[in-house]
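Subject: A structure for you to explore

Hello,

Here is the structure I promised to pass on to you. Please open it alongside this email and look up each place as you read.

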Amino acid sequence: MRSGGHPRGGTVGACCAAVGLVLLLAACGPAAGSASGGAPAASSGGTSATFAMQPGGIAQYPFPFMGSVQASTFDSVFNVDEFQYLLYRPLYWFGNGTKPYMNPQVSLAYPPVYQGDEVKIKLKRNYKWSNGEAVDAQDVVFWMNMMKAEGANDAYFSTTGLPSDVTSVRAVGQYEVTMRIKTPFSQSWFSSNELSEITPMPLAWDVTSGTAKPGSGGCAGASYSSITVNPNNLNSATEEPAPVSASAKACAAVFNYLTAQASPANPTPTTYANSPLWSVVDGPWKLVSLTTAGNLKLTFNSKYGGPVAPHHITTFIELPFTSEQAEYNVLQDPTAGQTIDVGYLPTVDAPTPPAGALVGANPSTLPDYHLSAQYLWQLSYMPYNFRNTTGEAPIFDQLYFRQAFQLLVDQEGVINGPLHGYGKPTVGPVALYPSTKYLSQKVVKEGDPWALNIQKAKSVISGHGWTVEHGTFTCTSPGTGPHDCGAGIPANKQLKFSMIYASGVDWMESAARELSSNASLAGITLSLTEEPFSNVVGTAFGCTPTKPCTWQLALWGSWTYSPDYLPTGDTLFEGGVFNNAGDYNSTTDNQLITDTLQARTPAEFDAAMHTWDSYATNQLPVVYEPDEANLIETVKGLDIGVLNSADTITPEDWHYLK
Amino acid sequence: MTAYLARRVLQAVAVVLLVTLIVFGLIRLAPGGAAVGVLGSGSAHQQFLVEYLTWLGHVLTGNLGRSLRLNESVGALLAASLPRTLVLAGLSTLIALLIAVPVGLIQAVRRNSAIDHVLRGLTYLLYGAPPFVLGLLLILYLAVDAHIFGAEGPQAPGIGGFITDPRDLTLPVATLTLVTIAIFARYMRSSALDSLGQEYVEAARARGGREGRVVVSHVLRNSLVPVVTLLGLSLPQIVGGALVVEILFNIQGMGWQIWQAAVNHDFPVTLGFTLVIGVAAALGSMLADIGYAVLDPRVRTWQP
C-alpha cells in the first residue's frame, strides 16, 4: 500500500507508518474528466513544468530497495512514485490509462511468459543506464540476490512471497531471466504482486565503498542458490536472519553500504545529484538538485530508452507545501514567485459536480487551470478489532452485527457532503472505480447492499436478543440461538464502542461524527477519539499476542494497492497476516483467498476473484468507507495525460500544446 | 551588575536543563518506544537518568540526533528552518514594537478620547483575530485580488533569498506583526497609564517641563519596563504564532517543522527543536531581566 505521504502495502514496515489519504496523477492521453475555467493559460510554458506536491510530502530517499525502517517513512507516493520511479524504473510498470493494469509499453521487460513452474522475463534491449551500460538480466538478478540475502529487511517481505516462493533465478544470456516458482501459484498474482516489486539495480551499486570498482561487491554476480541465510539466527537489533554463505554476506555488505549512502550522517540529500551511486539512472529523469526542504529539480535523461511524448518537457520541478491552503493560495495567485503548472485543489474548495459526472466546474478563482479528478486503486475501510481484549470481539464476530453496523455508514451522505461529490462508495475489497475485471459483476448489479438504513439496522440487532435500555442496546438474550446475542456475549453486555480516527482530514472527521450520530439513533454508543494519523495506524497495527489489545475501531483512510496491484486479500484479509489489522479470520475467507492465489489461468483467477469479492462484500470483514478522489489542477496548455489510478506519474509525457 | 548577570545566566542554564528534563521525560512516557527511537535499541532497559544523560552528552557535543522521518540530521533541519523563523518572528516583533509603543503611549496620553477609543477597538480586533483569519484576508485582498504581494512566503533556498524577497515576505510578516502589535499596544497603554499617575510625572510637570518632554523622558522609559519583560516572555508565543503563519504561507520554518515532528512521532526533532525554543525562551527572559535592570537601576541592586 502506498498513500500520500504514507507507505504502501504488503509489509510490516509499510503498515506502521502507513496508509491514508492518497494522491497522485499520471500518464498519457486525454484526462479522465476535466473542467475548465475561463481565461487564457498562464503556464510557465516551454520545456519546464512545476508540480506542487500534496502537503507533507517527503522525497529524499533514493535507494529503491528499502528496509522496513526506511519504508515506514519513505515508502510513500512522494518518495517512490514522484522521485524514485522517475530515476529508477521498476521492472514492470503499472498504470495503463485509468486502469491499474500492467503497462507493457512502459515496462523494462516484455510481459512474463509462464511455462509450468517457470517464468521467463525477457528484458527490452533499448533501455540503458545513464553510464551507458545496458539494463540487463544481471541487474534483475542483483535485486533478487539482495532480496534473498536481505529478505527480512526488505519492506515488501512476506513469508509466503518473494523471495521464499522463488527457488531459482538465472540469467539466460544478457537479456533474459528465468525464475522457478514454488507451485501452485496464480500467474496473475505473481506478475502483479511479486514481479511488480522488482527494480533492476545497476552494477555501479554493487560496491561497498566509494572507491570500489562496480561489481566488486560480489552480490550482482552471485548465483541465487548460493545465497543462504539462517532464519533461526536473528540479529538482535534488526531481527533479520544472519547471512550464512559468502555471497549472502557480500549482499548484506552491499545493502548496508547503499543504505548508509542513502541515509548518511555526512552526505546529505543535497549531494545525491552528483553521487556516483544515485546519478546512475535508467529512468527518464536525472536529479539536478534536491534541497533540505524537499524542492526537487530533475532534467530529462537523454539516454532513456522508453517511450516519451513528442515535444515533452525537459525540466521537471517538484515543490513541497506546508498545507492545502498554502497550495491553493499560490494556485489562485498567477503572479506568485513560483508558478504551479500542476497542483492539488482541496476538496472543500471544489464546486460539487453534476450528478453522474466525474468532475464538476473549476472554481472561478482558478481561470488559468482546468480541473480533473483522480480515483486511486485503493480500498477505503475501517477495521474491527477481532482480537480486542476488552470484551467487544465476540460482538464483532457476529455477522448480523457487522451488517447492521454497515447500515449506519452513510457513504453517499459523506460523498455528497464533505467530499463535495468527489468520492465513490466502497462495497467490497475491489474498488467500484476504476472499474476493473476483478470486480464481481454481481456486486456491480446489486450496488451497495448496505446503504444507510438506521431502522433496518435497529431491527436486525433487536432481532438477535438485544433490547434498548437507556438509549443503548443491551443483551437480554445471551446464547447462540438464531435470535440470541451470539457466542461469547454475556447478558447485560451493551453495544458501546470506542473509535479512534485520524485527525487533520475534514471529511474523515465528518464521517466519524455522522457514524456516531447514526449509531446513537440506532441504539449504539460510539465514543470518538481524534488522534494523529501515525497514532491511529500505530495503534491499529501495533497489537502483539503478548500484550492487551484494547482498540475497537480505527479509521485512518485507505489502502492503496501498490506495488502489489492485485486486491487478492492475502495482504489485508487473510487470517494471521500482519496487515490484517483487526485480525479477521474466517476459514471460508482464507480458502477463497487461497483459490485466487492458486488459480492457474487468468480466467480462473478472475472467477476466483469475483467469488471472493462477493463473499467479502457480504461478510463485511471491515467497515467499508467512502473513497475520496484527488482533485488536480493543470495549467491550461499543458497536457499531462490520463490521471492514473496506480499512483504513477510520467512527466516525460507532459507537453505543452502549441 | 556583573553579579546580577552571573546570577541570571546560572538561573537560565538551570531552567533550560529543567525544560530538557521535562520534555525528555514526557517523550519517554509517550507510546511508541520514544526512547528507543532517540537512543537506539537497547535503551528501553536503561534507567531514565542514564538515557537523559546520554542524550544530553550528545547535545553538548553538538549532536542533536537524526530525524526518524526525514533523511536529515536535526542540526541540518534546524539550520534550514531556524533562520526563516528568526527572520519572520524578529522582523514582525521589531515592527510591532515600533508601532505598538507609540500607539499605546498615544492611547494613554489621550485616554478616553476618540483616538483612544478607535485605537483600542482596533487593537482589540487584532487581539481577537486568529492569525490564520488575518493571513487569509491579507492573501485574499492583497495577493489574489490586488496582486500587490505574493500569496506565499519567499521560496528561494537559503536565508539570503528569504530576506531579499520583500514582495513575498511582506504578508507573512504583516500577519504576525498585526497580532503582536495588539499584544504590545495593550500592555503599553496600561503601563503608560500607570506611569502617568506616578508622582515623579506630576513632579516633572510641576517643575514646568513641557508635556512632550515629560512623556518621552519620564513616562516612556518607565512604561517600557513591563513591555520589555513581556517581549522576553512572549518568545514561545511568537514562535507559536509563526507556526500558523508558516503553514498558511508555505514557509518551512521551525514552527512547521516541530508540528510535523510532533504529529509524526519524530522524537529527535521534537526534542531538538524544543531544546532550542527552551533556550530561546530562557535567553529571552534573561535578556528581559537585564533590560529591566538597565531601565530600572533598583532591580540590579535588589538581593533576594
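First, some ground rules. This is a predicted model, in which local features need pLDDT of at least 70 and side-chain atom pairs count only at pLDDT 80 or more, while totals for chains, interfaces and linings use all residues. Residues are numbered from 1 along each chain as its sequence is written, chains are lettered from A and ligands numbered from 1 in the order in which they are written, and side-chain values use heavy atoms, with hydrogens and water left out.

**Chain B as a whole**

Let's start with chain B, which has 14 helices and zero strands. Helices (H or I, at least four residues) and strands (E, at least two) are DSSP runs, numbered from the N terminus. Of the 304 residues in chain B, 44% are buried. Here buried means under 20% relative accessible area, exposed means over 50%, and partly exposed lies in between (1.4 Å probe, protein chains only). Chain B exposes about 14,400 Å², and 69% of that comes from carbon and sulfur atoms. Such areas come from the Shrake-Rupley method with a 1.4 Å probe; for residues, only the protein chains shown count as cover.

Contacts come next (heavy atoms within 4.5 Å). Among the contacts in chain B with a separation of 6 or more, 71% are between residues 24 or more positions apart. For one example, find B:Gln107 in helix H4 (residues 74-109) of chain B. B:Gln107 has a relative accessible area of 1%, so it counts as buried. Leaving aside neighbours within four places in sequence, B:Gln107 touches B:Asp116, B:Leu119, B:Arg120, B:Thr123, B:Ala185 and B:Arg189.

**A nonpolar patch on chain B**

Now turn to the surface, where B:Leu18, B:Leu21, B:Ile22, B:Leu26, B:Leu29, B:Leu49 and B:Leu53 form a nonpolar patch with about 710 Å² of accessible area together. Patches are made of residues with over 30% relative accessible area and no salt bridge; like charges are joined within 9 Å, and nonpolar side chains (Val, Leu, Ile, Met, Phe, Trp, Tyr) within 5 Å. Which helices supply at least two residues each? They are H1 (2-29) and H3 (48-60) of chain B, and H1(B) gives the largest share, five residues. B:Leu49 sits in H3 of chain B and is exposed because its relative accessibility is 52%.

**Strands in chain A**

In chain A, three strands make an open sheet in the order S21-S20-S22, with parallel pairing. Two strands pair if DSSP finds at least two bridges between them. Strands S21 (525-531) and S22 (553-555) of chain A are at the edges with a single partner strand each, so one side of each has no neighbour in the sheet. Three bridges join S20 (residues 496-502) of chain A to S22(A), and A:Ile500 stands opposite A:Ala554 in S22(A).

Elsewhere in chain A, look at strand S15 (residues 369-374), where six of six residues are buried. A:Tyr369, A:Leu371 and A:Ala373 point one way from S15(A), while A:His370, A:Ser372 and A:Gln374 point the other way. S15(A) pairs with S26 (residues 630-635) of chain A in the antiparallel sense over six bridges; there, A:Leu371 has A:Glu633 as its bridge partner.

**Salt bridges**

Side chains of opposite charge can pair when their charged atoms come close. A salt bridge here is a side-chain nitrogen of Lys or Arg within 4 Å of a carboxyl oxygen of Asp or Glu. How many are there over all chains? The search finds 11.

One of them joins A:Arg89 and A:Glu652, at 3.2 Å from N to O. These two residues are 563 residues apart, and both are buried.

Another is between A:Arg180 and A:Asp117, whose closest N and O atoms are 3.1 Å apart. A:Arg180 lies in strand S8 (residues 176-181) of chain A and A:Asp117 in the loop between S5 (113-115) and S6 (118-122), so the pair ties together parts 63 residues apart in sequence. A:Asp117, A:Glu118 and A:Arg180 are linked in a network of salt bridges.

Back in chain B, B:Arg167 and B:Asp168 meet in a salt bridge at 3.5 Å, N to O. B:Arg167 is partly exposed, at 25% relative accessible area, whereas B:Asp168 is buried, at 5%.

Enjoy exploring!
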